[in-house]
Each structure stands twice: as structure tokens, then as C-alpha cells.
Amino acid sequence: HRTVEIQVSDGDTYNFVLDNAHVSGLQKGPAQNPEIRVIASSETFDLLWKRELRPMKALALRKLQVKASLEDMLRLRKFFA
């Protein structure tokens, strides 16, 4: 059970709860004390959504930032495969 915050650097901020690999409660606005914070531009999120850019490549190119504990990063790697 983790609170995730999505920060679009040139847009809005969203948050949701990730529980057993399911997203629930997507809301506009910042989260209070998120365990995971994902930051990228709207262009990068659009490319990720369209599957024209893979998450690991976006991380390597520094177009995507993920701020989380090491434990959470290890849990998230299956989403970034």
C-alpha cells in the first residue's frame, strides 16, 4: 500500500494509492507525504502513455525522475520493465 504522487513539471500534480498493483483513488493535487514521487514533463508522460518511450530509457535519459526508498524502487521495477 503506497501513496504515489505524479508531478507534471509543466502541468498539474496528481496522486493515487497503489495497492497490490492496482491504482485507486486518482485525484488532482499533491499527496500528503507520498512514499513515491514521479516527476516528468507532459511530453514525457505522453510518450510513456503511448508506449513510444520505455520507462527505463526515460530514466536513463533523465526525462523521468522517481523519488522513493530503495525498497519501493525494487517493488516498482516490474512496472518499469
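Predicted model: local features only at pLDDT ≥ 70, side-chain atom pairs only at ≥ 80, totals over all residues.

1. Five strands form an open sheet in the order 3-2-1-4-5, and their pairing is mixed. Strand 3 (22-28) and strand 5 sit at the edges, each pairing on one side only. On average, neighbouring strands are turned by 20 degrees against each other, direction ignored.

2. Within that sheet, strand 1 and strand 2 pair in the antiparallel sense over six bridges. If you want a spot to look at, Glu5 stands opposite Asn15 in strand 2. Helix 1 packs on the sheet, where it touches strand 1, strand 4 and strand 5. The direction of helix 1 makes about 105 degrees with that of strand 4.

3. The largest nonpolar core has 15 residues, and Val4, Ile6, Val38, Phe45 and Leu64 have the most contacts inside it. Two or more residues come from each of strand 1 (2-8), strand 2 (13-19), strand 4 (36-40), helix 1 (42-49) and strand 5 (64-67). In soluble globular proteins, nonpolar side chains tend to be buried together.

4. Leaving out residues up to four places away in sequence, Val38 touches Val4, Glu5, Ile6, Gln7, Phe45, Leu64, Gln65 and Val66.

5. The Asp72 side chain makes a polar contact with the side chain of Arg2 (2.7 Å). Beyond four places in sequence, Asp72 touches Arg2, Glu35 and Ile36.

Notes
Residues numbered from 1 in each chain as written. Heavy atoms only, no water. Core = buried A, V, L, I, M, F, W, Y, C linked by side-chain atoms within 4.5 Å. Buried < 20%, exposed > 50% of the residue type's maximum accessible area, 1.4 Å probe, protein only. Helix = DSSP H or I, 4+ residues; strand = E, 2+ residues; numbered from the N terminus. Contact = heavy atoms within 4.5 Å. Polar contact = N/O pair within 3.5 Å; in protein donor to acceptor, adjacent residues only side chain to side chain. Pairing = 2+ DSSP bridges. Axes fitted to C-alpha atoms, helices over the stretch in contact; angles between N-to-C directions.
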